[in-house]
Amino acid sequence: MPDLHAPSLTDAAAADATWMRRALSLAERAMAEDDEIPVGALVVSPQGEVIGEGWNRNIAEHDPSAHAEVVAMRRAGRLLGNHRLVGCTLVVTLEPCAMCAMAMIHARIARVVFGAFDPKTGAAGSVFDVLGDPRHNHRAEVTGGVLAEVAGPMLTNYFRRKRGRPPR
C-alpha cells in the first residue's frame, strides 16, 4: 500500500527546482557582488527551512576551501550548533568537487541536489562518485541536472566573459 503522506515524485522535483532557483540567485550574487565563479548553495533542514546559504568566496577570502557548499554548511552548522547536518539537503548549482563531497559525507548530509554536471572535477558521479562510494560510513542520495539548462550556461558565460568572448 502506498504511503499517502509521502511526497510524490512531482512534488519532490518541484521542490528541488524551487530550491535550485534560490541557489541560482546566490550564484548570481557571487558574480555581481564578488566577481567569483557563479556557484551558489543552500542547506535545507528536514523541516524544509533554509538553515545555511552561500556562494563561492575563495577569491574574496583567499581561502581555497571557501566553495559555496562549504560556506553554506559552515553557516548551517553554526545555526544548529552542530557539525552534523543529519537529514539535511544541500542544493548547489554545480556538481560538487571531491573536497566538498567529502565535507558533505563528514557532515552527514542526507541528500545532494545539483544543477550543472562537472565533467572535469565532478565528484557526484561524473568523474568520481564520492557521495555514493560504499567504502564510506555514510552515503548521500544524489539528484543531478536540476535546472542544468540555466546553471551550465551561467558558468560557461562567466568564463567566456573573463576570456573576452561573447556569451552563448
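This is a predicted model: local features need pLDDT of at least 70, side-chain atom pairs count only at pLDDT 80 or more; totals for chains, interfaces and linings use all residues.
Asparagine 157 sits in helix H4. Its relative accessibility is 11%, under the 20% limit, and therefore asparagine 157 counts as buried. There is also a polar pair here: a polar atom of the asparagine 157 side chain is 2.7 Å from the backbone nitrogen of arginine 168.

Now the sheet. Five strands make up an open sheet with mixed pairing, and the order across it is S2-S1-S3-S4-S5. Which strands stand at the edges? They are S2 and strand S5, residues 141-143; each has a single partner strand, so one side of each has no neighbour in the sheet. From one strand to the next, the twist averages 15°.

As for how strands pair in general, they do so through backbone hydrogen bonds, in either a parallel or an antiparallel sense. Both senses turn up here. S1 and S3 are antiparallel, over 4 bridges. For valine 44, the bridge partner in S3 is threonine 89. Helix H4, where we began, packs on this sheet and touches S3 and S4; the direction of H4 makes about 60° with that of S4. S3 and S4, in turn, pair in the parallel sense over 5 bridges. Valine 92 has phenylalanine 114, in S4, standing opposite.

A word more on S4. Of its 6 residues, 6 are buried, so S4 is largely enclosed by the rest of the structure.

Next, the nonpolar core. The largest one has 47 residues. The residues with the most contacts inside this core are Met20, Val43, Met73, Met104, Ile109 and Leu131. Which elements each supply at least two residues of the core? On the helix side, they are H1 (9-34), H2 (68-80), H3 (98-107) and H4 (148-162). On the strand side, they are S1 (40-44), S2 (50-55), S3 (89-94) and S4 (111-116). H1 gives the most, with 7 residues.

Alanine 15 is in helix H1. Alanine 15 counts as partly exposed because its relative accessibility is 32%, which falls between the 20% and 50% limits. Alanine 15 and glycine 48 are 33 residues apart along the sequence, while their C-alpha atoms are 9.5 Å apart in space.

Last, the cysteines. How many disulfides does a search of the whole structure find? The search finds 0. The pair to look at is cysteine 97 and cysteine 100. For cysteine 97, the closest cysteine sulfur is that of cysteine 100, at 3.7 Å; with a cut-off of 2.5 Å, that is too far for a bond. Seen from cysteine 100, the closest cysteine sulfur belongs to cysteine 97, again at 3.7 Å and too far for a bond. Both residues are buried: cysteine 97 has a relative accessibility of 16%, and cysteine 100 has 0%.

That is what I have. Questions are welcome.

Key. Residues are numbered from 1 along each chain as its sequence is written. Side-chain values use heavy atoms; hydrogens and water are left out. A nonpolar core is a set of buried Ala, Val, Leu, Ile, Met, Phe, Trp, Tyr and Cys residues joined through side-chain atoms within 4.5 Å. Buried means under 20% relative accessible area, exposed over 50%, partly exposed in between (1.4 Å probe, protein chains only). A polar contact is a pair of N or O atoms within 3.5 Å; within protein, one must be able to donate a hydrogen and the other to accept it, and residues adjacent in sequence count only if both atoms are side-chain atoms. Two strands pair if DSSP finds at least two bridges between them. Axes are lines fitted to C-alpha atoms, for helices over the stretch in contact, and angles run from 0 to 180 degrees between N-to-C directions. Contact means heavy atoms within 4.5 Å.
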